[in-house]
Amino acid sequence: MLQPLTEDELNGIYNWVDQIPLTRPKKNIARDFSDGVLLAEIVNYFLPKYIDIHNYSQANSVKQKKYNWETLNTKVFKKMGFQLSREQVDSVIQCQPEAIERVLKFVQQKLEIFMEQSQARYSGDKKNSEETVGLPQPPVSNDWQKEQTIYELRETIEILEQKLYKMDEMMKAKDVKIAKYQQIMQQHGLL
């Protein structure tokens with residue numbers, strides 16, 4: 001069994017959440033966070049390019065809550081290098097004691113690590129480019145946002161390439177059908 005969180009840990013989590021503007025007031029933290037929407041808003045507050053907040057809708061049904069959490073896990077947390085276990089998600093959905101607090105603490109730590117690594121990567125890239133070129137590079141305020149934009153653009157390019165391939169295949173299939181129908185029409189003397 002998991003050790004209960006200390007009073008200091010709980011207060012730290014609650015204070016952290018209170019500093020973030022959320023769309024719903026927090027009355028019962030376990031119930032309020034059970035659908036995943038408020039956690040999505042927290043991630044959106046820190047990493048707005050990593051999350052499409054419109055993908056998450058307030059829910060009372062277990063099915064919709066699970067959908068929200070699965071979306072968070074696959075579309076957001078996976079990009080950040082971690083995922084929540086099914087047990088963690090189920091315990092939050094079922095409003096088990098301290099479940100959301102544990103998840104919030106875990107996500108808070110992962111957010112901090114992710115943002116530090118993004119900043120360190122930016123600093124390392126900046127040093128390397130300065131050494132190579134010999135010119136100072138202009139400062140960038142949100143490296144992780146730029147990385148996310150690049151990632152999203154690459155993802156868009158990949159989707160568009162897939163669509164283009166499918167369109168080419170459809171065009172080839174239609175050309176074959178047209179040729180077939182033209183042949184039939186010639187056989188019947190219509191062309």
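**Aromatic pairs and a buried lysine**

Trp16, Tyr45 and Phe46 form one aromatic cluster. The model is a predicted one, in which local features need pLDDT of at least 70 and side-chain atom pairs count only at pLDDT 80 or more, while totals for chains, interfaces and linings use all residues. Residues are numbered from 1 along each chain as its sequence is written, and side-chain values use heavy atoms, with hydrogens and water left out.

The structure contains 5 aromatic pairs; rings of Phe, Tyr and Trp (its six-membered ring) pair if their centres lie within 6.5 Å, and planes under 30 degrees apart count as stacked, over 60 as edge-to-face and the rest as tilted. One of the pairs is formed by Trp16 and Phe46, which are stacked at 5.9 Å centre to centre with 10 degrees between the planes. This pair links distant parts of the chain, 30 residues apart: Trp16 belongs to helix H1 (residues 7–18) and Phe46 to helix H3 (residues 37–46). Helices are DSSP runs of H or I with at least four residues, numbered from the N terminus. Trp16 is buried, with a relative accessible area of 10%, where buried means under 20% (1.4 Å probe, protein chains only). Phe77 and Phe82 form another stacked pair, 4.7 Å centre to centre and with 25 degrees between the planes. Both Phe77 and Phe82 are buried.

Lys65 lies in helix H4 (residues 62–77). Lys65 is buried yet has no salt bridge, and Asp35, the nearest side chain of opposite charge, is 6.9 Å away. A salt bridge requires a side-chain nitrogen of Lys or Arg within 4 Å of a carboxyl oxygen of Asp or Glu; Lys and Arg count as positive and Asp and Glu as negative, with His and the chain ends not counted. Leaving aside residues up to four places away in sequence, Lys65 touches Ser34, Asp35, Ala59, Asn60 and Ile93, contact being heavy atoms within 4.5 Å.

Notes:
Helix = DSSP H or I, 4+ residues; strand = E, 2+ residues; numbered from the N terminus. Buried < 20%, exposed > 50% of the residue type's maximum accessible area, 1.4 Å probe, protein only.
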